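Here is a short briefing on one protein chain. Keep the structure open as you read.

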Amino acid sequence: MTALNRVPSLMARAGTASALTIAAVGGSIVVPGVASDAAAATLATKALKIAASKEGAPYRWGATGPRRFDCSGLTLYSFKKAGKKLPRTAAQQYNRTRHISARHRQAGDLVFFHSGSYVYHVGIYAGKGRIWHAPKTGDVVKLQKIWTKSVWYGRVR
């Protein structure tokens, strides 16, 4: 009996071909319903570029683009244009993402600002501690440094 025969989970994922055979020929095991890291990175990169292209667009509460945005409207618009539908509010978006630590954040991840368990703002992580976001009434979409440690990160899948 080989090691693979004693580990049913590998055989279940790989089907009749062994995991070693797949690895040897450069293949990958696909798990239905789970986006690959590469696909998520491409989606996030597209959304980040779309958000950056809206630099200077005025803030308007409840607006979802294409010329005016509130915070979650900007993230909704950016990911929709990149090919992924998100819910409307920052809190709903937080609940729809895969939560990740600050150490594992990447450009294109969502940054959720919170007070206790209340999520009140969202932006798209641009790297180097900065986000693209629509800040508040009287302001515009811009790149800004994260100003607090009260943030959570989420990856759109």
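Among contacts in the protein between residues at least 6 apart in sequence, what percentage join residues at least 24 apart? The figure is 51%, where contact means heavy atoms within 4.5 Å. This is a predicted model, in which local features need pLDDT of at least 70, side-chain atom pairs count only at pLDDT 80 or more, and totals for chains, interfaces and linings use all residues. Residues are numbered from 1 along each chain as its sequence is written, and side-chain values use heavy atoms, with hydrogens and water left out.

**Overall make-up**

- The protein has 5 helices and 6 strands. Helices (H or I, at least four residues) and strands (E, at least two) are DSSP runs, numbered from the N terminus.
- Read from the N terminus, the order is α-α-α-α-α-β-β-β-β-β-β.
- Of the 157 residues, 41% are buried. Buried means under 20% relative accessible area, exposed means over 50%, and partly exposed lies in between (1.4 Å probe, protein chains only).
- The accessible surface comes to about 9400 Å². Carbon and sulfur atoms hold 55% of that surface. Areas come from the Shrake-Rupley method with a 1.4 Å probe; for residues, only the protein chains shown count as cover.

**The sheet**

- The 6 strands form an open sheet, in the order E1-E6-E2-E3-E4-E5, with antiparallel pairing. Two strands pair if DSSP finds at least two bridges between them.
- The edges are strand E1 (98-100) and strand E5 (142-145), each of which pairs on one side only.
- Neighbouring strands are turned by 40° against each other on average, direction ignored. Axes here are lines fitted to C-alpha atoms, for helices over the stretch in contact, and angles run from 0 to 180 degrees between N-to-C directions.
- Helix H4 packs on this sheet and touches E2, E3 and strand E4 (130-133). The direction of H4 makes about 50° with that of E3.

**Strand pairs**

- Strand E2 (residues 110-115) runs antiparallel to E3, joined by 6 bridges. His114 has Val119 in E3 as its bridge partner.
- E3 and E4 are also antiparallel, over 3 bridges. Ile124 stands opposite Trp132 in E4.
- The hairpin of E3 and E4 has 2 residues between the strands. Lys128 takes a positive phi near 55° there.
- E4 and E5 run antiparallel with 4 bridges. Ile131 is partnered by Gln144 in E5.

- Ser78 lies in helix H4 (residues 71-82).
- Is Ser78 buried or exposed? Ser78 is buried, at a relative accessible area of 0%.
- Beyond its neighbours within four places in sequence, Ser78 contacts Ala47, Ile50, Ala51 and Ile124.

**Salt bridges**

- Side chains of opposite charge can pair when their charged atoms come close.
- The count is 3 salt bridges. A salt bridge is a side-chain nitrogen of Lys or Arg within 4 Å of a carboxyl oxygen of Asp or Glu.
- Arg88 and Asp70 form one of them, at 2.8 Å from N to O. The pair links distant parts of the chain, 18 residues apart. Arg88 sits in the loop between H4 and helix H5 (90-96), and Asp70 in the loop between helix H3 (37-53) and H4.
- Arg88 is partly exposed, with a relative accessible area of 26%. Asp70 is buried, at 7%.
- Asp109 and Arg155 form another, with the closest N and O atoms 2.8 Å apart. Asp109 is in the loop between E1 and E2, while Arg155 is in strand E6 (residues 151-155); the two are 46 residues apart. Both Asp109 and Arg155 are buried.
- Lys142 pairs with Asp139, the closest N and O atoms being 3.0 Å apart. Lys142 is partly exposed at 27%, whereas Asp139 counts as buried at 16%.

**A nonpolar surface patch**

- Which residues make the nonpolar surface patch of about 380 Å²? They are Tyr118, Tyr120 and Trp147.
- Patches are made of residues with over 30% relative accessible area and no salt bridge; like charges are joined within 9 Å, and nonpolar side chains (Val, Leu, Ile, Met, Phe, Trp, Tyr) within 5 Å.
- Tyr118 belongs to strand E3 (residues 118-127). Tyr118 is exposed, with a relative accessible area of 56%.
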